[in-house]
Amino acid sequence: MCLAVPMKLIEVSGESGVAESGGVTVPVALQLLDNPKEGDYVIVHAGFAIQTIDTEEAQERLKLFAEMAEMAEDNDD
Amino acid sequence: MTTDACGLKTSEKVDLLSRKIREDCARLGPVTLMEVCGTHTMAIHRHGIHSLLPQNVRLISGPGCPVCVMPTQFMDEAIELARRPDVVVTTFGDMMRVPGSHSTLDAERASGANVRLVYSALDSLSVAEESPESQVVFLAVGFETTAPTVAATVLEAKRRGIDNFAILPGNRLVPPALRALLDDDDVRVDGFMLPGHVSVIIGSDVYGFVATEYHVPSAIAGFDPEDIMMAISSLVEMLAAGRAEVANCYRRVVRADGNIKARQAMDDVFETSDGGWRGLGDMPGSALVPREKYKDCDARARFDLSEVRAAPDPPGCLCGSVLRGIVTPPECPLFAKRCVPESPIGPCMVSSEGTCAAYYKYRQRDDA
Amino acid sequence: MTPDDRKIRLGHGSGGKLTRALVNEVFVDRLSNPMLAELDDSAKLESGGGRLAFTTDGFVVTPYIFPGGDIGKLSVCGTVNDLAVAGAEPKYLSYSLIIEEGFSLADLERIVDSTASACEEAGVKIVTGDTKVVARGNADGIFVTTAGVGVLPDNLSLGVRTIQPGDVVLINGGIGEHAVSVLLARNEFQVAAEVLSDCAPLNSLTCAVLKAGQQVRFMRDATRGGLATVLAEIAIGADVAIEIDEDSVPIRPEVRSVCDLLGFDPLYLANEGKLVVIVAQDGAEQVLSAMRATKYGAESAIIGRVIGKPQGKVLLRTEAGGTRVIDMLVADQLPRIC
């Protein structure tokens, strides 16, 4: 029971807002988040934003892949 | 085709993990991993993950599909409500084709019952405001990902003074189901892939018992192919090293303590209760029902549904065993013969993400 | 400006003066051609002695006006395309309307205007028609039924059985646009995006494909059931397997996002302007260039190939590098949250 999509909050007004991804916008309910702000990246499930995306962790993940790729190249050589 | 800031395509990242999995698997015998989330079942089949794993890794689907686990009784109650001329039933699309004892919501709608699809539970409140002469009943299904949105909707209804709204409670909880699987001697699983978005709400700490009490490795996984492969890699790595921990492979949205605000809303509106799970029977403390102060929002209190009695499970249907990962779909005598997506018998085939439906759609029928 | 509240009345369908006035004012003027203007019970056509292609179709789309088109444009394009993919030159259409009492006359005029434009672009004529009006509640606004006649060239060699392993699969652009534009126009889910239906007459495209002088095996437009269903039908009809590369299938970001949000698989979403072409391997690049030079083919792409086994199956090489089987659509997809 888990279909949720990463989107960007482009409008916040109290407990409702608008989220956007790939040119598509949806109204989102924000009452399940602490202090959401315009510009935050969130995941959206059934019309609610259920968590903000930790962009640092997202970056860490990318770095991990980059490292793995380097190691794989070294091993192949 | 997407590349991101690390300059790698999806297939390249997946390939890196695939190689690592293979290396770790070389040190292991046959391994059975269970994923406990219907959305994982879909994502795994959609991306062809099975075809990327070494032969000794078996990936099976557990009872993580909230459509699959709803007892026939629940569908019969929903249909009973839908047939009432003064009731509008609102529901997520997932439930429309789930079989009750004799009918489906889709069939009822075709016969004139007032059934409306919604994308968000909150949409039910707009329906209630537009139709003050009707009672709107929302079918509250889903695990902890969805339960907070239902709770928020009940609270919003109160705030806006909307009286003609109720829910048919059907939300279920994952940790009790995990415990039941771990306690079940028929279920032999070496590691669990944990549901990423349920975990967003409940956090990673709550799964500690899987490691400390049962010594089984588990990994919280997201839904991209890279996320799924990362979790599998982590599980296989733990198995190869003889470690049992809870690995959080979805750190960008899963925190140790989850989403506290969401859990507070759930806690305010709901209390736990015993609930029936198709195939697993009654599980204590695994269902959510409205607390006393919100009882007027419970459709079972508002309407008399005591006459609704579900028919017994169809003969031969092995959904229960499929949901516990004990048999694979082809081992069910009805699979692909009497039970097909066009005319499903049990929910495992009805739900587009049910184990049997996913297997039927996505696996090449000549591989087992 | 006063709102246009002219409505269709039951009398408009009774066959008398009101009907005649409606037909002349709304239809004949807009669809002007000498054959229609005669308003004979039957149109008399020149066949040129060749073989004919003949098709019929019904159109019930709701809403009947959507971003990128309306039921008028849709009905012409759908009929033209069925003829074009068979290799025929579309020539004549029949046009039958069933209209619900109370339908807006302004909307009807708009629909017929679209119909006329589509006919002009496709180079076809509506030569015979009919109008009926039913009581309120007995039709969903407006239903359109067409039939179309086209002329087949003498030396046509298209056929699903000519398809063989090694052949290449092409498509002329992004999938799922019609389905998403109609879904958003229904406004049931408050999802907003700028997606236009891809509804288009494809005969200029099919003409270019055939003129490229290569061994074109087969063409089909991917309508209801989406690209997946067309490919599954072809694989079964030709008794071959088809392998598609997910990375190569064109899809607009907006369509992808709507699918992600509502849980749809774009491979199964309806299109109204997408052509699937199967061509022998050594002609693929030329056909691709020919397609890209046309109005509706600018985003054409090679998306896969025909292989020997497993017969009757369509395989998808996923963006993750895995493989899965694509089946035909069973029933319309419903939005899901799971």
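These notebook entries record what I looked up in a predicted model of a complex with chains A, B and C.

**Entry 1. Confidence**

I began with the scores of the predictor. The complex receives an ipTM of 0.94 and a pTM of 0.90. For chain B I noted an average pLDDT of 91, with 95% of the residues at 70 or above. One stretch of chain B required a separate note: residues 364–368 have a pLDDT below 50. Beyond near neighbours in sequence, I found 5 contacts for this stretch in the model. For chain C the average pLDDT is 92, and 98% of the residues score at least 70.

**Entry 2. Chain A against chain B**

I next looked up the contact of chain A with chain B. It takes 27 residues from chain A and 36 residues from chain B. I then asked which elements of chain A each supply at least two residues of the side that touches chain B. They are strand E4 (41–45), strand E5 (48–52) and helix H1 (55–76). Of the elements, H1(A) gives the most, with 9 residues. I also recorded the classes on this side of chain A: 19 residues are nonpolar, 4 are polar and 4 are charged.

**Entry 3. Chain C against chain B**

I turned to the contact between chain C and chain B. Here 20 residues of chain C meet 35 residues of chain B.

**Entry 4. The domains of chain B**

I looked up how chain B is divided. Domain 1 covers 31–317 and domain 2 covers 319–362. The C-alpha centres of these two domains of chain B are 19 Å apart. Their contact involves 29 residues from domain 1 of chain B and 20 residues from domain 2 of chain B.

I then examined the side of domain 1 of chain B that touches domain 2 of chain B. Helix H2 (38–46) and strand E2 (57–61) of chain B each contribute at least two residues to this side. H2(B) gives the most, with 5 residues. By class, I recorded 16 nonpolar, 8 polar and 5 charged residues on this side of domain 1 of chain B.

**Entry 5. A helix pair in chain B**

I asked at what angle helix H6 (residues 147–159) and helix H11 (residues 260–269) of chain B pack. The angle is about 60°, and the axes are 8 Å apart. H6(B) and H11(B) are therefore oblique to each other, because an angle has to be under 35 degrees to count as roughly parallel and from 65 to 115 to count as roughly perpendicular. The crossing in which H6(B) passes H11(B) is left-handed.

I listed the residues that meet. From H6(B) they are B:Ala147, B:Pro148, B:Ala151, B:Ala152, B:Val154 and B:Leu155. From H11(B) they are B:Ala262, B:Ala265, B:Met266, B:Asp268 and B:Val269. In this contact of H6(B) with H11(B), 10 residues are nonpolar, none is polar and 1 is charged.

**Entry 6. The domains of chain C**

I made the corresponding search in chain C. Domain 1 of chain C spans 10–151, and domain 2 of chain C spans 160–326. Their C-alpha centres lie 28 Å apart. I found 20 residues of domain 1 of chain C in contact with 20 residues of domain 2 of chain C.

On the side of domain 1 of chain C that touches domain 2 of chain C, the elements giving two or more residues are helix H3 (71–85) and helix H4 (105–122). H3(C) provides the largest share of this side, 9 residues. The classes on this side of domain 1 of chain C are 13 nonpolar, 5 polar and 2 charged residues.

**Entry 7. H3 and H4 of chain C**

I then looked up how H3(C) and H4(C) pack against each other. Their axes come within 7 Å and cross at roughly 30°. That makes H3(C) roughly parallel to H4(C), since angles under 35 degrees count as such. The crossing of H3(C) and H4(C) is right-handed.

For the residues that meet, I noted C:Ile71, C:Gly72, C:Lys73, C:Ser75, C:Val76, C:Cys77 and C:Val80 in H3(C). Their partners in H4(C) are C:Ile111, C:Val112, C:Ser114, C:Thr115, C:Ala118, C:Cys119 and C:Ala122. The contact of H3(C) with H4(C) has 9 nonpolar, 4 polar and 1 charged residues.

Definitions and conventions: Residues are numbered from 1 along each chain as its sequence is written. Chains are lettered from A and ligands numbered from 1 in the order in which they are written. This is a predicted model: local features need pLDDT of at least 70, side-chain atom pairs count only at pLDDT 80 or more; totals for chains, interfaces and linings use all residues. Two residues are in contact if their C-beta atoms, placed from the backbone, lie within 7 Å. Domain bounds come from an automatic or database domain assignment. Helices (H or I, at least four residues) and strands (E, at least two) are DSSP runs, numbered from the N terminus. Ala, Val, Leu, Ile, Met, Phe, Trp, Tyr, Cys and Pro count as nonpolar, Asp, Glu, Lys and Arg as charged, and the others, Gly among them, as polar. Axes are lines fitted to C-alpha atoms, for helices over the stretch in contact, and angles run from 0 to 180 degrees between N-to-C directions. Angles under 35 degrees count as roughly parallel, over 145 as roughly antiparallel, 65 to 115 as roughly perpendicular and the rest as oblique. A crossing is left-handed if the near helix is turned anticlockwise from the far one by less than a right angle, and right-handed if clockwise. pLDDT is the predictor's confidence in each residue, from 0 to 100.
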